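Good morning, and thank you for coming.

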Amino acid sequence: MPARRHASSYQLLNLLEATGQVGVWSLNLRTGEMSGSLGLAHITGLPSDESLLGLLDRLLHPDDREALGELFDMLYSGRAIDRTVRLVRPDHTVRWVSVKAQIVLDDAHRPMRAEGIAFDVTGPHEARLLAEQSTARYRGLVHAIAAVVWTTAPDGKARPSPTWQVLTGQTGPEMQGDGWLAAIHPEDRARIETAWRTAMEHGTPYEADHRVLCADGTVHWYSNHTIPLHDADGSVREWIGIMQKMPPSGRFSSPEITGTLVRGARAMLRWSVVDLARAAGVSVSSIRRLEEEVGTVQPRTRLAMRRALEGAGIDFIGTLDGMTGVILTRDRRGA
């Protein structure tokens, strides 16, 4: 039975080494002689009869050679090793190799021999490096465009987002689910919630511009673009969105209020000049001077008109090409 077990183990080792990714080795800690299996020869690219004395010093990647002294110190002091290093094969290809070893003691409990195994982990290691590079590029891109990235569950419930939390000051639990809506400006909240639920119901991309209540107490406009990611069966797996701060000259840039804008806003609200004068606490003559662009209107008077109109549901908007306009976001005509 022991002989059969030994033969079975030997056959299993041969099977593993036939993959070209596993090899075993042994180092005599007293003589410095090192021997390796055929599998190790496949990994290193050396002939199977090549002497392994000085193998590591010759094949080890220049950037990893400092580790050689540490590895030998550990072996000679009787400690096991578990390290990943790079080998430069004779054909000048680089392989990542995971090296593991245990120490065999003599009768006096002194280190006598190191028995080790080497795994060619080039494929998994390079895949991990590519993933890390992709992540680093993604983070760099997000940072470069000053963006907020977030994801939600298939039902649209938000998950914690570090960038959103930094922007708004909300904690992960606070923004989860529908909690993120609390950081949307109150005047935009209902509009955004409706647009978001419509997108979820139809599984279509969501795009909206809205104001965000920032952690530092300021309010800024952001352009929000969110798309659904689908599984093979067409169902939504998750939603991923990106929000970018809109430049001062962006669409919602709060343009300077003009007579044309005031007349347009009054028309939408069906307000007379008297209605606006009453709501803003300014004189009728000041409104007429602004609308007819005759004379001077004080900044504080313009601001009072603007606040009165915005309070009635008007948003003043500007576009990148310099055009301006007004939109009615809440129907309070006749107020």
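This is a predicted model: local features need pLDDT of at least 70, side-chain atom pairs count only at pLDDT 80 or more; totals for chains, interfaces and linings use all residues.

In which sense do β6 and strand β9 pair, and over how many bridges? β6 and β9, the latter covering residues 236-245, pair in the antiparallel sense over six bridges. Strands here are DSSP runs of E with at least two residues, helices are runs of H or I with at least four, and both are numbered from the N terminus. Two strands count as paired if DSSP finds at least two bridges between them.

Residues are numbered from 1 along each chain as its sequence is written, and side-chain values use heavy atoms, with hydrogens and water left out.

Let us take the chain as a whole. Its secondary structure comes to twelve helices and eleven strands. Of the 335 residues in the chain, 38% are buried, where buried means under 20% relative accessible area, exposed means over 50%, and partly exposed lies in between, with a 1.4 Å probe and protein chains only.

I return now to the sheet. β6 belongs to an open sheet of four strands, in the order β6-β9-β8-β7, with antiparallel pairing. β6 (147-152) and β7 (206-213) stand at the edges with a single partner strand each, so one side of each has no neighbour in the sheet. From one strand to the next, the twist averages 25 degrees; angles run from 0 to 180 degrees between N-to-C directions, and axes are lines fitted to C-alpha atoms, for helices over the stretch in contact.

Consider the other pairings. Nine bridges join the antiparallel strands β8 and β9, and Ser223 stands opposite Gln244 in β9. These two strands form a hairpin with five residues between them, and Gly234 in the turn has a positive phi of about 95 degrees. β7 and β8 pair in the antiparallel sense over eight bridges, with Arg211 opposite Trp221 in β8. Their hairpin has five residues between the strands, and Gly217 takes a positive phi near 90 degrees there.

What lies across the four strands β6, β7, β8 and β9? Helix α8, residues 186-202, does so, running at about 150 degrees to β7.

My last topic is a pair of helices. Helix α11 (residues 284-292) and helix α12 (residues 299-311) pack at an angle of about 90 degrees, with their axes 11 Å apart. The two are therefore roughly perpendicular, a term for angles of 65 to 115 degrees; under 35 counts as roughly parallel, over 145 as roughly antiparallel, and the rest as oblique. Ser286, Ile287 and Leu290 of α11 meet Thr301, Arg302 and Met305 of α12, a contact being heavy atoms within 4.5 Å.

In the loop between α11 and α12 lies Glu293. Its phi is near 55 degrees, a positive value in a residue other than glycine. Is Glu293 buried or exposed? At 62% relative accessibility, Glu293 counts as exposed. Arg270, in the loop between α9 (259-269) and α10 (273-280), has a positive phi near 60 degrees. Arg270 counts as exposed, at 62% relative accessibility.
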